[in-house]
Amino acid sequence: MASRRSADKDIADKIVIGECVGAMRTLSARSVDLVFADPPYNLQLGAGLTRPDQSIVDGVDDEWDKFQDFTAYDDFTRAWLSEARRLLKPNGAIWVIGSYHNIFRLGAALQDLGFWILNDIVWRKTNPMPNFKGTRFTNAHETLIWAARSKEAKYTFHYDALKMLNDDLQMRSDWTIPLCTGAERLKDAEGKKLHSTQKPEALLHRVLLATTKPGDVVLDPFFGTGTTGAAAKRLGRNYIGIERDETYAAAARKRIQKTKAATAEDLEITRSKKEEPRVPFGQIMEAGFVRPGDTLVSPNGKKRARVRVDGSLALGEATGSIHRIGALASDAPACNGWTFWHLETKHGLECIDLFRREVRRQMALSR
């Protein structure tokens, strides 16, 4: 076995040339935050595929996609997945992508090795290759499996950022993204596609935005033409690419070199309210936005509660927190008092949540 590197920082944002399992064994345990893997499909193709006009389809017939049998493929899969799990930090996660030929074998191996599956994503291609023989459904999607290193892992997931990316709607598990074509598709000297399974950068943008933070290290053990590296650089993440083909690696280096990194300011994302610092109602009072004796009003103006010196509200004979009295005023089992109660000001009714946001802003400025 090759000696393990003492400082993996030396290969951050670099491409390691070599076979994936052997190269992974040179890296230190618990050194990466995310693994994105696009392993061989093991398509098991027989004769070449032709169109109705007898022209040859430029499909996946590369040597790296050929295995002797399912046992050989499974052994290979478990070897690189075991290394991936060793390299992941305790709260790390992995993405694997595949087709119906291999994704079920990948999923079983993930579970057998202790990974905890979080989602499967259907990548629906808007421009899939037709089924020329007419003997099956047109294969118009691939499947991605997202899994945490273990059931206990506190993995990264930017729910609100993904919701913003999707026009303020929850991001679903079916993604409609075109195949990699046009100027994004890398070509060889003869104008033919350089890599048979180059993925669109839009796909990696979504994966990395969703499940990594700026500065995280992303490992791609099947780096190919560097889509993961390009997306990582653009999003302020670090990458480690492993690739055995020098031609692919050279193209990836050139591609990533041309990729423009986003500024630190542009890397800011919509964050979950769960990540924001807790601000009690009493702190709003101490900041002078609300004072003892002020009246808080319900959205329809029909319920009015008086603010007491300790931050509690009084509504008739009942007293309690903004949430408890809000629930009582709205005749509901629970209530978000921050959005329910409003304060009468010279500008009209203002939701008290506006004051909480201002306190949070001031807290951020004072850090």
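Which residues of the largest nonpolar core touch the most other members? In this predicted model, that core holds 31 residues, and those touching the most other members are Val32, Val35, Trp80, Ile94, Val96, Leu219 and Ile240. Helix H1 (20-24), E2, H2, E3, helix H3 (103-112), E5, E7 and E8 each give two or more residues to this core, and the largest share, six residues, comes from H2. In soluble globular proteins, nonpolar side chains tend to be buried together.

When its neighbours within four places in sequence are left aside, tryptophan 80 is in contact with Cys20, Val21, Met24, Ala37, Pro39, Ile94, Val96, Leu106 and Phe222. Another core lies apart from the largest one and has 26 residues, among them Trp123, Trp146, Ala231 and Ala232.

**The sheet**

Eight strands form an open sheet with mixed pairing, in the order E1-E8-E7-E2-E3-E5-E4-E6. Strand E1 (14-17) and strand E6 (174-176) stand at the edges, and because each has a single partner strand, one side of each is left without a neighbour in the sheet. On average, and with direction ignored, neighbouring strands of this sheet are turned by 20° against each other. Within the sheet, strand E4 (residues 116-124) pairs with strand E5 (residues 141-148) in the antiparallel sense over eight bridges, and asparagine 119 stands opposite tryptophan 146 in E5.

**Helices on the sheet and against each other**

Helix H2 (residues 70-87) lies across strand E2 (32-37), strand E3 (88-98) and strand E7 (217-220), while helix H6 (residues 227-234) packs on the sheet and touches E2, E7 and strand E8 (238-243). H6 also packs with helix H7 (residues 246-258), their axes being 9 Å apart. The angles for these pairs are set out below.

| Pair | Angle |
|---|---|
| H2 and E3 | about 145° |
| H6 and E8 | about 170° |
| H6 and H7 | about 20° |

The angle of about 20° between H6 and H7 is under 35 degrees, and therefore H6 counts as roughly parallel to H7. H6 passes H7 in a right-handed crossing. In this packing, Thr227, Gly229, Ala230 and Lys233 in H6 meet Arg255, Ile256 and Gln257 in H7.

Note on methods:
Residues are numbered from 1 along each chain as its sequence is written. This is a predicted model: local features need pLDDT of at least 70, side-chain atom pairs count only at pLDDT 80 or more; totals for chains, interfaces and linings use all residues. Side-chain values use heavy atoms; hydrogens and water are left out. Two strands pair if DSSP finds at least two bridges between them. Helices (H or I, at least four residues) and strands (E, at least two) are DSSP runs, numbered from the N terminus. Axes are lines fitted to C-alpha atoms, for helices over the stretch in contact, and angles run from 0 to 180 degrees between N-to-C directions. Contact means heavy atoms within 4.5 Å. A nonpolar core is a set of buried Ala, Val, Leu, Ile, Met, Phe, Trp, Tyr and Cys residues joined through side-chain atoms within 4.5 Å. Buried means under 20% relative accessible area, exposed over 50%, partly exposed in between (1.4 Å probe, protein chains only). Angles under 35 degrees count as roughly parallel, over 145 as roughly antiparallel, 65 to 115 as roughly perpendicular and the rest as oblique. A crossing is left-handed if the near helix is turned anticlockwise from the far one by less than a right angle, and right-handed if clockwise.
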